[in-house]
Amino acid sequence: MYSQLLGTGSALPRRCVSNEELVHELAQRGVETSAAWIEERTGIRQRFIASAEQTSSQLATQAARAALDAASLAARDIDLLIVATSTPDMIFPSTACLVQEQLGCRGGAAFDVQAVCAGFVYALATADALMRQGLARRALVIGAEVFSRILDWEDRSTCVLFGDGAGAVVLGLGEVPGIHANVLHADGSLASILRTPGQVAGGRVIGHPFLTMDGQAVFKTAVQVLDQAAREVVERAGITLDAVDWVIPHQANVRILQATIRRLGLDPGRLVSTVDQHANTSAASVPLALDWAMRSGRIVEGQRLLLQGVGGGMAWGASLLSVSRAAS
Ligand code: ACO
């Protein structure tokens, strides 16, 4: 049996902030940047920012409901719920358990995966493995983030890059793929190039509570590992790169996406890019881009998708899947 994609959904906070508005807000804090710099270096034109009360679990629940509707299923049909997030509502319980409660279902397995911007691909591969082992029949896999909470709004080199949101997929089991193959990797020796090192201890945050990044080191690593993972996953799936219809990489920066597609020798028309609309939403970026491409009618039944994640850890991975009739 194979895991099959039955439906997708997504959710964005109400507040959309254009580069121009962000530049204006940052100027009031004495932070100098420009809309042209942001767009030229990253491809980002706007991002969605959660209100002070809105949490990852709320965005995740909204995305999950949309995915369940698309799959014509109810929350009670789900027996595995995985949320990929680096911005959980609380230290514990898991965001997945909070989503389960908000959806009004209970009894199935629910847990979080923490692999930062690779989180969704890690969660998808985990769900696929558990389902193929017979531990679950229908899964919700969600990426949800409120990265705006961990940004230093006085650090122009990072705060312009990220946004908030959530994306979800429903998986079921069937006799044809579905998910053909997954690959997952990490290199912890690169932990320091992208991190939020603070921790809560003794009632206080100990250490730096905001995201820090060596942008150029992240850029180089991302391009290299996205290339490697793409080649590895198509080989595991027993196909060639030309048989891939759509490449949906983690939406970090349009220059990373273009460099990846170029290195793979693929037609840029096969790239799904939503970084202009959503900015970098970490674990939410791949399912947000997937849902956008499904709902806009770009992705149709029978097509092969290459999903790719890369982020803090560094951790990275890829999944190769075919879209079934139910999902398209
Ligand atoms: N506005 C204006 N100037 C800026 C800004 C800004 N927001 N940020 C940095 N600069 C300045 C720097 O101070 C520097 O000025 P200097 O030359 O006077 O010192 C200049 O721009 C160039 O800085 P670089 O860091 O060399 O700029 P670069 O071209 O590398 O672009 C960027 C920076 C966009 C972060 C790039 O390195 C990048 O895309 N890295 C990948 C990282 C990424 O996408 N991270 C997202 C999270 S990781 C992930 O999701 C995988």
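Predicted model: local features only at pLDDT ≥ 70, side-chain atom pairs only at ≥ 80, totals over all residues.
Colleague: How far is an oxygen atom of the ligand from an N or O atom in the side chain of N253?

Modeller: There are 23 residues around the ligand (a heavy atom within 4 Å), and T33, R41, Q216, H250 and N253 come nearest. In the side chain of H250, an N or O atom is 2.7 Å from an oxygen atom of the ligand. For the side chain of N253, the distance to a ligand oxygen is 2.4 Å.

Colleague: How are α1 and α2 oriented, parallel, perpendicular, antiparallel or oblique?

Modeller: Helix α1 covers residues 19-28 and helix α2 covers residues 35-42, helices being DSSP runs of H or I with at least four residues and strands runs of E with at least two. Their axes, lines fitted to C-alpha atoms with angles from 0 to 180 degrees, lie 8 Å apart at about 125 degrees. Under 35 degrees is roughly parallel, over 145 roughly antiparallel, 65 to 115 roughly perpendicular, and the rest oblique. The angle therefore makes the pair α1 and α2 oblique.

Colleague: How many charged residues are in the contact of α1 with α2?

Modeller: The contact (heavy atoms within 4.5 Å) involves N19, E20 and V23 from α1, with A35, I38 and E39 from α2. Asp, Glu, Lys and Arg count as charged. By class there are 3 nonpolar residues and 1 polar residue, and the number of charged residues is 2.

Colleague: At roughly what angle do α7 and α8 cross?

Modeller: Helix α7 spans residues 215-237, and helix α8 spans residues 254-263. F219, A222, V223, Q224, L226, D227 and R231 of α7 meet R255, I256, A259, T260 and R263 of α8. These residues divide into 6 nonpolar, 2 polar and 4 charged. The two axes come within 9 Å, and the crossing angle is roughly 40 degrees.

Colleague: Is the crossing of α3 and α4 left-handed or right-handed?

Modeller: The axis of α3 (residues 56-70) comes within 9 Å of that of α4, at roughly 55 degrees. That angle makes α3 oblique to α4. A crossing is left-handed if the near helix is turned anticlockwise from the far one by less than a right angle, and the other sense is clockwise. The crossing of α3 and α4 is right-handed.

Colleague: Which residue does a cis peptide bond join to F92?

Modeller: The residue sits in the loop between β4 (80-84) and α4 (95-103). Omega for the bond is about 5 degrees, and the partner of F92 is P93.

Colleague: What is omega, roughly, for the peptide bond from G313 to M314?

Modeller: M314 belongs to the loop between β14 (304-311) and β15 (315-322). The bond from G313 to M314 is cis, with omega near -15 degrees.

Colleague: Which residue has a positive phi of about 50 degrees although it is not a glycine?

Modeller: The loop to look at runs between β5 (109-113) and α5 (119-132). The residue with this positive phi is V116.

Conventions:
Residues numbered from 1 in each chain as written. Heavy atoms only, no water. Polar contact = N/O pair within 3.5 Å; in protein donor to acceptor, adjacent residues only side chain to side chain.
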